[in-house]
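Hello,

My notes follow below it.

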Amino acid sequence: LVVYTFNFIDRVVIGIIQEPIKAEFGLSDFELGLLGGPAFAILYTLLGIPIARFAERHNRMTILAVCLGLWSAMTAACGFAINYATLFAARVGVSIGEAGCTPPANSVISDYFPSDRRASALSIYALGIPIGSMIAAVGGGWIATHVGWREAFIWLGVPGVLLAVIVKLTVKEPPRATAKAEAPSFVSAVAALAKKPTFWHVAFGSALA
């Protein structure tokens with residue numbers, strides 16, 4: 001939950017403090033839109049699948065900790081941007097790191113909790129969305145107003161790097177429930193999901209949301 005909270009803090013803070021960024025770099029609304037949209041969404045979406053496949057075969061807590069450290073460091077790097085290009089690059093770095101959050105996190109939660117408790121566990125994890133968004137809105141807005149937009153990125157990003165170390169040292173990799181089974185191929189997994197109406201409902205609902 002704490003990791004996912006940081007995930008959303010670093011994801012949405014740029015939308016909270018975009019006006020002073022726009023003013024300093026003389027950006028158009030279109031350029032701001034690229035920062036908030038494609039700079040984050042494209043690689044975040046595409047890299048989620050290979051990272052998930054990697055997590056099926058390797059230590060998930062290591063993957064999660066490394067990705068947390070990466071996106072947090074890139075968030076802090078946004079505060080050191082010297083122009084639009086470097087800010088855009090740092091934002092892409094945030095998206096690469098954040099792509100490695102939910103796949104291993106969901107997998108680990110599924111192994112930590114039995115099926116009759118899993119929905120509750122995943123719903124608690126999902127609280128990171130509103131909590132992180134609230135902290136980004138209030139905290140990021142306050143820091144940007146009273147100190148500066150660069151400090152907002154730095155102050156919200158650096159703690160995540162420290163959290164990455166804590167996560168790696170304290171959260172154990174649980175035994176896999178399917179340790180003896182070979183992970184299915186991507187094609188066979190998609191084929192199995194495609195036969196389930198619930199999958200399509202959830203996928204389209206998430207896309208609309």
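Threonine 75 sits in helix H5, residues 60–78 (helices are DSSP runs of H or I with at least four residues, numbered from the N terminus). This is a predicted model: local features need pLDDT of at least 70, side-chain atom pairs count only at pLDDT 80 or more, and totals for chains, interfaces and linings use all residues. Residues are numbered from 1 along each chain as its sequence is written, and side-chain values use heavy atoms, with hydrogens and water left out.

Threonine 75 is buried, at 1% relative accessibility (buried is under 20% relative accessible area, exposed over 50%, partly exposed in between; 1.4 Å probe, protein chains only). Beyond neighbours within four places in sequence, threonine 75 contacts Asp10, Val94, Phe153 and Gly157 (contact: heavy atoms within 4.5 Å).

Next, arginine 150. Its helix is H10, residues 149–170. Arginine 150 is partly exposed, with 21% relative accessible area. With neighbours within four places in sequence set aside, arginine 150 is in contact with Glu24, Phe25, Gly79, Phe80 and Ala81. A polar atom of the arginine 150 side chain lies 3.0 Å from the backbone oxygen of glycine 79. Isoleucine 17 is 133 residues from arginine 150 along the chain, yet their C-alpha atoms are separated by 9.3 Å.

Last, helix H9 and isoleucine 135. Helix H9 spans residues 128–146. Isoleucine 135 is found in helix H9. At 32% relative accessibility, isoleucine 135 is partly exposed.

Best wishes

Definitions and conventions
Helix = DSSP H or I, 4+ residues; strand = E, 2+ residues; numbered from the N terminus. Polar contact = N/O pair within 3.5 Å; in protein donor to acceptor, adjacent residues only side chain to side chain.
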